[in-house]
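Visitor: I have a chain open on my screen and would like a tour of it. Could you walk me through it, please?

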Amino acid sequence: QVQLVESGGGLVQAGGSLRLSCAASGSILSTDTMGWYRQPPGKQRELVASITSSVRTNYAESVKGRFTISRDTAKNTVYLQMNTLKPEDTAVYYCNVDSWRDMSLFHYWGQGTQVTVST
């Protein structure tokens, strides 16, 4: 089992910055891919950014150049630095771990943290 706890959400004005953190505990593997998803009000959950164990990153087009994902393998923690925030970034942000175990892919989710960007 893997447990994920997010922190760092809140209310910020457009143009501001926030940093999200997600601490993983339990049977986390160094080979796991970690990432962030978000779910805006009334919309489906979407990928924001992900980072592999080899530090290969992937970003949604809408956040490229503004958001940066990073991970601290020793602390089993993944971060999302969000700069130049826009009102359309308002969403519940979820931490995610994708883990291959015994030839099966498992998805683990945090409880979510609210990010609200005001105009």
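Visitor: Thanks! What radius of gyration does the protein chain have, and why does it agree with a compact globule?

Guide: This is a predicted model, in which local features need pLDDT of at least 70 and side-chain atom pairs count only at pLDDT 80 or more, while totals for chains, interfaces and linings use all residues. Residues are numbered from 1 along each chain as its sequence is written, and side-chain values use heavy atoms, with hydrogens and water left out. The globule rule is 2.2 Å times the number of residues to the power 0.38, and the radius is taken over C-alpha atoms. For 119 residues a compact globule would come out near 14 Å, and the protein chain agrees because its radius of gyration is 14 Å.

Visitor: What span does the C-alpha trace have along its principal axes?

Guide: The span is given along the principal axes of the protein chain. The C-alpha trace covers about 45 × 25 × 25 Å.

Visitor: How many helices and strands does the protein chain have?

Guide: Both are DSSP runs numbered from the N terminus: helices are H or I with at least four residues, and strands are E with at least two. From the N terminus on, the elements run β-β-β-β-β-β-β-β-β-β-β. The count is therefore zero helices and 11 strands.

Visitor: What share of the residues counts as buried?

Guide: Buried means under 20% relative accessible area, exposed means over 50%, and partly exposed is in between, with a 1.4 Å probe and protein chains only. Of the 119 residues in the protein chain, the buried share is 44%.

Visitor: Which residues have the most contacts inside the largest nonpolar core?

Guide: A nonpolar core is a set of buried Ala, Val, Leu, Ile, Met, Phe, Trp, Tyr and Cys residues joined through side-chain atoms within 4.5 Å. The largest one has 29 residues. Elements giving two or more residues to this core include strand S1 (2-7), strand S4 (33-39), strand S8 (77-82) and strand S9 (91-101). Those with the most contacts inside the core are Trp36, Leu80, Met82 and Tyr93.

Visitor: Which residues does Tyr93 touch, leaving out those up to four places away in sequence?

Guide: Contact means heavy atoms within 4.5 Å. Tyr93 is among the residues with the most contacts inside the core. Its partners are Glu6, Leu20, Trp36, Tyr37, Arg38, Val48, Phe67, Leu80, Met82, Gly112, Thr113 and Val115.

Visitor: Is Ser21 buried or exposed?

Guide: Ser21 lies in strand S3. Beyond four places in sequence, Ser21 touches Val5, Glu6, Ser7, Trp36, Val78 and Tyr79. Its relative accessibility is 18%, so Ser21 counts as buried.

Visitor: And Gln44, buried or exposed?

Guide: Gln44 sits in the loop between S4 and S5. Not counting residues up to four places away in sequence, Gln44 touches Arg38 and Gln39. With a relative accessible area of 69%, Gln44 is exposed.

Visitor: What is phi of Thr84?

Guide: Most residues other than glycine have a negative phi. Thr84 is in the loop between S8 and S9, and at 44% relative accessibility Thr84 counts as partly exposed. Although Thr84 is not a glycine, its phi is positive, at about 50 degrees.

Visitor: Where is Asp102 found?

Guide: Asp102 is a residue other than glycine with a positive phi, near 50 degrees. Asp102 is exposed, with a relative accessible area of 77%. Asp102 is found in the loop between S9 and strand S10 (104-109).

Visitor: How far apart in space are Gln111 and Leu4, C-alpha to C-alpha?

Guide: Gln111 is in the loop between S10 and S11. Leaving aside neighbours within four places in sequence, Gln111 is in contact with Leu4, Val5, Glu6 and Tyr94. Gln111 and Leu4 are 107 residues apart in sequence, and C-alpha to C-alpha the distance is 7.6 Å.

Visitor: Is Gly112 buried or exposed?

Guide: Gly112 is found in the loop between S10 and S11. Not counting residues up to four places away in sequence, Gly112 touches Glu6, Val92, Tyr93 and Tyr94. Its relative accessible area is 17%, so Gly112 is buried.
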